[in-house]
Amino acid sequence: MSEQSMISWTEAGEERSARWQSENKSAAPKRVVIADDKMTADSAFRLASEGNALLWRGDYQNARQLLQALARRIERKPRKAATSPLDAFNLHRQAQSQRARTLGMLLVEVDADYIIALRRAPDIKLACNEAYGASTGPFIVSLREILGLIGAHEWRKNGVEIPALNARIHPYYGVFSPVRGEYLNLIAEAPLPTTKLAFDIGTGTGVIAALLAQRGVEKVIATDQDARALACARENLLRLNLRDRVEVIEADLFPAGKAALIVCNPPWIPARPNSSIEYAIYDLDSRMLRGFLNGLAEHLEPKGEGWLILSDLAEHLGLRTREALQQMIADAGLKLIKRMDIKPTHARATDETDPLHKARSAEITSLWRLAAR
(Lines give C-alpha, C1' and ligand atoms only; values in the text may rest on other atoms or scores of the structure.)
Protein backbone atom coordinates (compact mmCIF):
# COMPACT_ATOMS: atom_id res chain seq x y z
CA MET A 1 0.00 0.00 0.00
CA SER A 2 1.06 3.61 -0.51
CA GLU A 3 1.79 5.81 2.50
CA GLN A 4 -1.34 6.32 4.55
CA SER A 5 -3.07 9.69 4.84
CA MET A 6 -6.63 10.64 5.64
CA ILE A 7 -9.41 12.32 3.71
CA SER A 8 -12.27 14.11 5.48
CA TRP A 9 -15.69 15.26 4.35
CA THR A 10 -19.14 16.25 5.60
CA GLU A 11 -22.11 14.03 4.73
CA ALA A 12 -25.67 14.13 6.06
CA GLY A 13 -24.57 16.73 8.58
CA GLU A 14 -21.78 14.52 9.98
CA GLU A 15 -18.02 14.88 9.82
CA ARG A 16 -16.49 11.74 8.33
CA SER A 17 -13.02 10.55 7.42
CA ALA A 18 -11.30 7.55 5.86
CA ARG A 19 -7.90 6.43 4.69
CA TRP A 20 -6.83 7.95 1.37
CA GLN A 21 -5.41 5.55 -1.22
CA SER A 22 -3.31 6.79 -4.14
CA GLU A 23 -0.75 4.73 -6.03
CA ASN A 24 0.79 7.84 -7.59
CA LYS A 25 1.21 9.39 -4.12
CA SER A 26 -1.11 12.32 -4.87
CA ALA A 27 -2.23 14.23 -1.79
CA ALA A 28 -5.73 13.72 -0.39
CA PRO A 29 -8.13 16.37 -1.72
CA LYS A 30 -8.88 19.15 0.75
CA ARG A 31 -12.41 19.83 -0.49
CA VAL A 32 -14.92 17.00 -0.98
CA VAL A 33 -18.42 17.31 -2.45
CA ILE A 34 -20.99 14.49 -2.32
CA ALA A 35 -22.08 13.65 -5.87
CA ASP A 36 -24.70 11.32 -7.34
CA ASP A 37 -26.67 10.61 -10.51
CA LYS A 38 -28.38 14.04 -10.36
CA MET A 39 -25.12 15.90 -10.96
CA THR A 40 -24.60 17.05 -14.54
CA ALA A 41 -21.31 16.53 -16.36
CA ASP A 42 -20.86 20.30 -16.73
CA SER A 43 -21.28 20.82 -12.98
CA ALA A 44 -18.92 17.96 -12.22
CA PHE A 45 -16.31 19.33 -14.63
CA ARG A 46 -16.50 22.81 -13.10
CA LEU A 47 -16.18 21.48 -9.55
CA ALA A 48 -13.31 19.11 -10.41
CA SER A 49 -11.46 21.82 -12.35
CA GLU A 50 -11.69 24.05 -9.29
CA GLY A 51 -10.09 21.38 -7.10
CA ASN A 52 -13.21 19.84 -5.55
CA ALA A 53 -13.24 16.07 -5.20
CA LEU A 54 -16.55 14.35 -5.99
CA LEU A 55 -17.33 11.45 -3.65
CA TRP A 56 -19.76 9.34 -5.65
CA ARG A 57 -22.92 7.99 -4.04
CA GLY A 58 -24.87 7.11 -7.18
CA ASP A 59 -24.84 4.25 -9.67
CA TYR A 60 -21.37 2.88 -10.42
CA GLN A 61 -21.89 2.64 -14.18
CA ASN A 62 -23.15 6.22 -14.22
CA ALA A 63 -19.91 7.23 -12.51
CA ARG A 64 -17.95 5.56 -15.30
CA GLN A 65 -19.99 7.47 -17.88
CA LEU A 66 -19.39 10.69 -15.98
CA LEU A 67 -15.65 10.05 -16.04
CA GLN A 68 -15.82 9.64 -19.82
CA ALA A 69 -17.80 12.88 -20.07
CA LEU A 70 -15.15 14.70 -18.04
CA ALA A 71 -12.45 13.33 -20.35
CA ARG A 72 -14.34 14.61 -23.40
CA ARG A 73 -14.55 18.08 -21.90
CA ILE A 74 -10.83 18.08 -21.21
CA GLU A 75 -10.13 17.05 -24.82
CA ARG A 76 -12.23 19.94 -26.13
CA LYS A 77 -9.95 22.51 -24.56
CA PRO A 78 -7.71 24.04 -27.25
CA ARG A 79 -4.05 23.05 -27.14
CA LYS A 80 -1.35 25.65 -26.83
CA ALA A 81 0.81 25.97 -29.91
CA ALA A 82 4.30 24.53 -29.38
CA THR A 83 7.36 26.43 -30.60
CA SER A 84 9.75 23.45 -30.59
CA PRO A 85 9.76 19.68 -30.03
CA LEU A 86 10.89 20.24 -26.44
CA ASP A 87 8.11 22.77 -25.91
CA ALA A 88 5.62 20.25 -27.37
CA PHE A 89 6.84 17.62 -24.91
CA ASN A 90 6.61 19.95 -21.91
CA LEU A 91 3.12 21.09 -22.91
CA HIS A 92 2.09 17.45 -23.43
CA ARG A 93 3.35 16.44 -19.98
CA GLN A 94 1.63 19.46 -18.43
CA ALA A 95 -1.63 18.54 -20.16
CA GLN A 96 -1.28 14.90 -19.03
CA SER A 97 -0.75 16.03 -15.45
CA GLN A 98 -3.74 18.37 -15.51
CA ARG A 99 -5.91 15.70 -17.09
CA ALA A 100 -4.93 13.13 -14.48
CA ARG A 101 -5.56 15.62 -11.69
CA THR A 102 -9.06 16.51 -12.95
CA LEU A 103 -10.13 12.93 -13.69
CA GLY A 104 -8.70 11.84 -10.35
CA MET A 105 -11.27 13.99 -8.56
CA LEU A 106 -14.08 11.46 -8.99
CA LEU A 107 -13.86 9.24 -5.91
CA VAL A 108 -15.45 6.04 -4.61
CA GLU A 109 -15.46 4.42 -1.18
CA VAL A 110 -14.15 0.86 -0.81
CA ASP A 111 -14.90 -1.13 2.33
CA ALA A 112 -12.61 -3.44 4.31
CA ASP A 113 -13.62 -6.43 2.14
CA TYR A 114 -12.72 -4.62 -1.09
CA ILE A 115 -16.39 -4.02 -1.94
CA ILE A 116 -17.77 -0.85 -3.55
CA ALA A 117 -21.24 -0.43 -2.09
CA LEU A 118 -22.77 1.18 -5.16
CA ARG A 119 -25.46 -0.15 -7.46
CA ARG A 120 -24.02 -2.11 -10.44
CA ALA A 121 -20.51 -2.00 -9.00
CA PRO A 122 -18.22 -4.84 -10.16
CA ASP A 123 -16.44 -7.36 -7.96
CA ILE A 124 -12.98 -5.85 -7.47
CA LYS A 125 -11.68 -8.14 -4.72
CA LEU A 126 -9.21 -10.07 -6.86
CA ALA A 127 -7.96 -6.96 -8.67
CA CYS A 128 -7.41 -5.16 -5.34
CA ASN A 129 -5.67 -8.13 -3.75
CA GLU A 130 -3.34 -8.40 -6.75
CA ALA A 131 -2.47 -4.69 -6.66
CA TYR A 132 -2.66 -3.79 -2.96
CA GLY A 133 -2.28 -7.07 -1.12
CA ALA A 134 -4.39 -7.98 1.90
CA SER A 135 -6.87 -5.29 2.93
CA THR A 136 -5.94 -3.01 5.83
CA GLY A 137 -9.38 -1.44 6.13
CA PRO A 138 -11.77 0.81 4.19
CA PHE A 139 -10.47 3.66 2.06
CA ILE A 140 -11.36 6.34 -0.46
CA VAL A 141 -9.79 6.13 -3.90
CA SER A 142 -10.23 7.70 -7.32
CA LEU A 143 -12.49 5.82 -9.70
CA ARG A 144 -9.72 6.18 -12.28
CA GLU A 145 -7.36 4.15 -10.10
CA ILE A 146 -10.00 1.45 -9.60
CA LEU A 147 -10.48 1.21 -13.38
CA GLY A 148 -6.71 0.90 -13.71
CA LEU A 149 -6.72 -2.00 -11.25
CA ILE A 150 -9.49 -3.74 -13.17
CA GLY A 151 -7.69 -3.26 -16.49
CA ALA A 152 -4.41 -4.52 -15.02
CA HIS A 153 -6.19 -7.60 -13.67
CA GLU A 154 -7.46 -8.40 -17.18
CA TRP A 155 -3.96 -7.95 -18.64
CA ARG A 156 -2.52 -10.19 -15.94
CA LYS A 157 -5.19 -12.83 -16.50
CA ASN A 158 -5.10 -12.86 -20.31
CA GLY A 159 -1.47 -11.95 -20.91
CA VAL A 160 0.17 -10.16 -23.84
CA GLU A 161 1.19 -12.11 -26.94
CA ILE A 162 4.92 -11.79 -27.61
CA PRO A 163 5.67 -13.00 -31.17
CA ALA A 164 9.43 -13.14 -30.52
CA LEU A 165 8.74 -15.62 -27.69
CA ASN A 166 5.82 -17.38 -29.35
CA ALA A 167 4.20 -17.14 -25.93
CA ARG A 168 2.30 -14.77 -23.67
CA ILE A 169 3.68 -12.56 -20.90
CA HIS A 170 1.39 -11.69 -17.97
CA PRO A 171 2.16 -8.22 -16.55
CA TYR A 172 1.28 -7.27 -12.97
CA TYR A 173 -0.31 -4.01 -11.89
CA GLY A 174 2.40 -1.36 -11.81
CA VAL A 175 4.77 -3.38 -14.04
CA PHE A 176 5.16 -2.04 -17.55
CA SER A 177 3.70 -4.32 -20.21
CA PRO A 178 5.98 -5.25 -23.16
CA VAL A 179 3.52 -3.98 -25.76
CA ARG A 180 6.23 -2.65 -28.09
CA GLY A 181 7.71 -5.70 -29.75
CA GLU A 182 10.32 -4.09 -31.98
CA TYR A 183 13.03 -4.07 -29.32
CA LEU A 184 12.35 -7.74 -28.61
CA ASN A 185 12.85 -8.49 -32.30
CA LEU A 186 16.28 -6.86 -32.07
CA ILE A 187 17.19 -9.06 -29.09
CA ALA A 188 15.93 -12.13 -30.93
CA GLU A 189 18.13 -11.35 -33.96
CA ALA A 190 21.39 -10.04 -32.46
CA PRO A 191 24.27 -12.58 -32.52
CA LEU A 192 24.84 -14.02 -29.04
CA PRO A 193 28.41 -13.57 -27.74
CA THR A 194 27.80 -16.42 -25.27
CA THR A 195 25.32 -19.12 -24.35
CA LYS A 196 26.79 -19.62 -20.87
CA LEU A 197 25.70 -16.70 -18.68
CA ALA A 198 23.80 -13.45 -19.24
CA PHE A 199 22.52 -10.66 -16.98
CA ASP A 200 19.16 -8.95 -17.63
CA ILE A 201 19.25 -5.58 -15.84
CA GLY A 202 15.85 -4.19 -14.79
CA THR A 203 13.90 -7.24 -15.86
CA GLY A 204 10.34 -5.96 -15.30
CA THR A 205 8.02 -8.71 -16.52
CA GLY A 206 11.01 -10.97 -17.23
CA VAL A 207 10.40 -10.92 -20.98
CA ILE A 208 14.04 -10.24 -22.00
CA ALA A 209 15.38 -12.91 -19.62
CA ALA A 210 12.85 -15.37 -21.06
CA LEU A 211 13.86 -14.52 -24.61
CA LEU A 212 17.57 -15.00 -23.85
CA ALA A 213 16.87 -18.36 -22.21
CA GLN A 214 14.67 -19.40 -25.10
CA ARG A 215 17.52 -18.51 -27.48
CA GLY A 216 19.73 -20.99 -25.67
CA VAL A 217 21.51 -19.07 -22.91
CA GLU A 218 22.08 -21.67 -20.21
CA LYS A 219 21.91 -19.29 -17.22
CA VAL A 220 20.32 -15.85 -16.97
CA ILE A 221 20.40 -13.68 -13.84
CA ALA A 222 17.60 -11.11 -13.96
CA THR A 223 17.56 -8.15 -11.57
CA ASP A 224 15.05 -5.54 -10.44
CA GLN A 225 14.38 -3.38 -7.38
CA ASP A 226 10.59 -3.33 -7.55
CA ALA A 227 8.78 -6.01 -5.51
CA ARG A 228 5.93 -6.27 -8.01
CA ALA A 229 8.36 -6.67 -10.91
CA LEU A 230 10.28 -9.41 -9.10
CA ALA A 231 7.09 -11.35 -8.37
CA CYS A 232 5.82 -10.77 -11.92
CA ALA A 233 9.05 -11.97 -13.55
CA ARG A 234 9.18 -15.09 -11.37
CA GLU A 235 5.61 -16.04 -12.24
CA ASN A 236 6.12 -15.46 -15.98
CA LEU A 237 9.28 -17.56 -16.01
CA LEU A 238 7.48 -20.29 -14.12
CA ARG A 239 4.65 -20.22 -16.69
CA LEU A 240 7.27 -20.58 -19.44
CA ASN A 241 9.08 -23.43 -17.65
CA LEU A 242 12.28 -21.37 -17.50
CA ARG A 243 12.77 -20.97 -13.74
CA ASP A 244 15.56 -23.55 -13.76
CA ARG A 245 17.54 -21.40 -16.20
CA VAL A 246 16.64 -17.90 -15.02
CA GLU A 247 17.34 -16.62 -11.51
CA VAL A 248 15.45 -13.48 -10.51
CA ILE A 249 17.10 -11.45 -7.76
CA GLU A 250 16.60 -8.07 -6.11
CA ALA A 251 19.46 -5.75 -6.99
CA ASP A 252 20.14 -2.13 -7.92
CA LEU A 253 21.23 -2.73 -11.52
CA PHE A 254 24.01 -5.36 -11.53
CA PRO A 255 24.24 -8.65 -9.64
CA ALA A 256 27.57 -9.80 -8.24
CA GLY A 257 30.13 -11.18 -10.66
CA LYS A 258 30.67 -10.87 -14.40
CA ALA A 259 28.96 -12.14 -17.55
CA ALA A 260 29.81 -12.24 -21.24
CA LEU A 261 26.39 -10.76 -22.10
CA ILE A 262 24.63 -8.03 -20.15
CA VAL A 263 21.35 -6.63 -21.47
CA CYS A 264 19.49 -3.52 -20.32
CA ASN A 265 16.36 -1.80 -21.60
CA PRO A 266 16.28 1.35 -19.43
CA PRO A 267 13.52 3.99 -19.49
CA TRP A 268 13.93 5.91 -22.72
CA ILE A 269 12.89 9.44 -21.71
CA PRO A 270 15.06 11.53 -19.33
CA ALA A 271 12.22 13.22 -17.43
CA ARG A 272 10.48 12.96 -14.07
CA PRO A 273 7.90 10.13 -13.74
CA ASN A 274 4.54 11.10 -12.23
CA SER A 275 3.40 7.63 -11.18
CA SER A 276 4.83 4.21 -10.40
CA ILE A 277 4.10 2.80 -13.87
CA GLU A 278 5.93 5.75 -15.47
CA TYR A 279 9.25 4.68 -13.95
CA ALA A 280 9.49 2.26 -16.88
CA ILE A 281 9.23 5.18 -19.34
CA TYR A 282 10.78 8.20 -17.63
CA ASP A 283 14.26 8.21 -16.07
CA LEU A 284 15.07 11.51 -14.35
CA ASP A 285 18.59 12.68 -15.25
CA SER A 286 19.07 9.34 -17.09
CA ARG A 287 19.94 7.71 -13.76
CA MET A 288 19.44 4.12 -14.88
CA LEU A 289 21.04 4.67 -18.28
CA ARG A 290 24.12 6.25 -16.71
CA GLY A 291 24.26 3.58 -13.99
CA PHE A 292 24.17 0.80 -16.56
CA LEU A 293 26.83 2.36 -18.78
CA ASN A 294 29.13 3.31 -15.90
CA GLY A 295 29.01 -0.16 -14.35
CA LEU A 296 29.07 -2.20 -17.54
CA ALA A 297 32.82 -2.53 -18.18
CA GLU A 298 33.42 -3.69 -14.61
CA HIS A 299 30.86 -6.52 -14.97
CA LEU A 300 31.74 -7.72 -18.46
CA GLU A 301 33.86 -10.77 -19.07
CA PRO A 302 36.78 -10.28 -21.51
CA LYS A 303 35.36 -9.99 -25.06
CA GLY A 304 31.87 -9.75 -23.57
CA GLU A 305 29.10 -7.49 -24.85
CA GLY A 306 26.63 -5.13 -23.26
CA TRP A 307 23.37 -4.71 -25.15
CA LEU A 308 21.72 -1.34 -24.59
CA ILE A 309 18.18 -1.12 -25.97
CA LEU A 310 17.23 2.51 -26.44
CA SER A 311 14.85 4.59 -28.52
CA ASP A 312 16.05 7.90 -29.95
CA LEU A 313 12.71 9.57 -29.15
CA ALA A 314 14.43 11.70 -26.49
CA GLU A 315 16.72 13.06 -29.20
CA HIS A 316 13.79 14.06 -31.43
CA LEU A 317 12.16 15.75 -28.43
CA GLY A 318 15.28 17.76 -27.62
CA LEU A 319 15.75 16.04 -24.26
CA ARG A 320 19.09 14.43 -25.13
CA THR A 321 21.46 14.62 -28.10
CA ARG A 322 23.11 11.72 -29.89
CA GLU A 323 26.45 13.33 -29.06
CA ALA A 324 25.59 13.32 -25.34
CA LEU A 325 24.73 9.62 -25.47
CA GLN A 326 27.95 8.82 -27.33
CA GLN A 327 29.91 10.82 -24.75
CA MET A 328 28.27 8.82 -21.93
CA ILE A 329 29.38 5.62 -23.66
CA ALA A 330 32.94 6.90 -24.12
CA ASP A 331 33.18 8.25 -20.56
CA ALA A 332 32.18 4.80 -19.26
CA GLY A 333 35.17 3.22 -20.99
CA LEU A 334 33.04 1.55 -23.65
CA LYS A 335 33.12 1.29 -27.41
CA LEU A 336 30.49 0.49 -30.00
CA ILE A 337 30.80 -2.85 -31.80
CA LYS A 338 27.67 -2.41 -33.90
CA ARG A 339 24.25 -0.82 -33.71
CA MET A 340 21.08 -2.53 -34.91
CA ASP A 341 18.11 -0.30 -35.72
CA ILE A 342 14.40 -0.90 -36.22
CA LYS A 343 11.44 1.34 -36.91
CA PRO A 344 8.61 1.22 -34.36
CA THR A 345 5.24 0.00 -35.62
CA HIS A 346 3.01 1.01 -32.70
CA ALA A 347 -0.14 3.05 -33.37
CA ARG A 348 1.20 6.35 -32.07
CA ALA A 349 3.97 6.37 -34.67
CA THR A 350 1.35 7.05 -37.35
CA ASP A 351 -1.21 9.02 -35.30
CA GLU A 352 -1.13 12.56 -36.72
CA THR A 353 -3.38 13.83 -33.91
CA ASP A 354 -0.75 12.94 -31.31
CA PRO A 355 0.88 16.18 -30.02
CA LEU A 356 4.26 14.44 -30.29
CA HIS A 357 3.60 13.00 -33.76
CA LYS A 358 6.57 14.67 -35.44
CA ALA A 359 9.02 13.14 -32.97
CA ARG A 360 7.27 9.75 -32.85
CA SER A 361 7.16 9.43 -36.64
CA ALA A 362 10.95 9.87 -36.80
CA GLU A 363 11.70 7.50 -33.90
CA ILE A 364 14.15 4.63 -34.26
CA THR A 365 14.73 1.92 -31.64
CA SER A 366 18.31 0.63 -31.44
CA LEU A 367 20.28 -2.19 -29.88
CA TRP A 368 23.75 -0.85 -29.12
CA ARG A 369 26.28 -3.68 -28.91
CA LEU A 370 28.94 -2.32 -26.55
CA ALA A 371 32.28 -3.63 -25.31
CA ALA A 372 34.91 -2.46 -22.85
CA ARG A 373 37.72 -0.47 -24.47
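Q: What makes strand 5 (residues 106-110) and strand 6 (residues 139-142) a pair?
A: Four bridges join strand 5 to strand 6, and the two run antiparallel. Two strands pair if DSSP finds at least two bridges between them, so these count as paired. Strands here are DSSP runs of E with at least two residues, and helices are runs of H or I with at least four, numbered from the N terminus. Within the pair, V110 stands opposite F139 in strand 6.

A quick note on the model: it is predicted, so local features need pLDDT of at least 70 and side-chain atom pairs count only at pLDDT 80 or more, while totals for chains, interfaces and linings use all residues. Residues are numbered from 1 along each chain as its sequence is written, and side-chain values use heavy atoms, leaving out hydrogens and water.

Q: Why are helix 2 and helix 3 called roughly antiparallel?
A: Helix 2 (residues 60-76) and helix 3 (residues 85-103) pack at about 150 degrees, with axes 10 Å apart. Angles between N-to-C directions run from 0 to 180 degrees, and axes are lines fitted to C-alpha atoms, for helices over the stretch in contact. Angles under 35 degrees count as roughly parallel, over 145 as roughly antiparallel, 65 to 115 as roughly perpendicular and the rest as oblique. The pair is therefore roughly antiparallel.

Q: Which residues make the contact between helix 2 and helix 3?
A: L67, L70, A71, I74 and E75 of helix 2 meet R99, T102 and L103 of helix 3, contact meaning heavy atoms within 4.5 Å.
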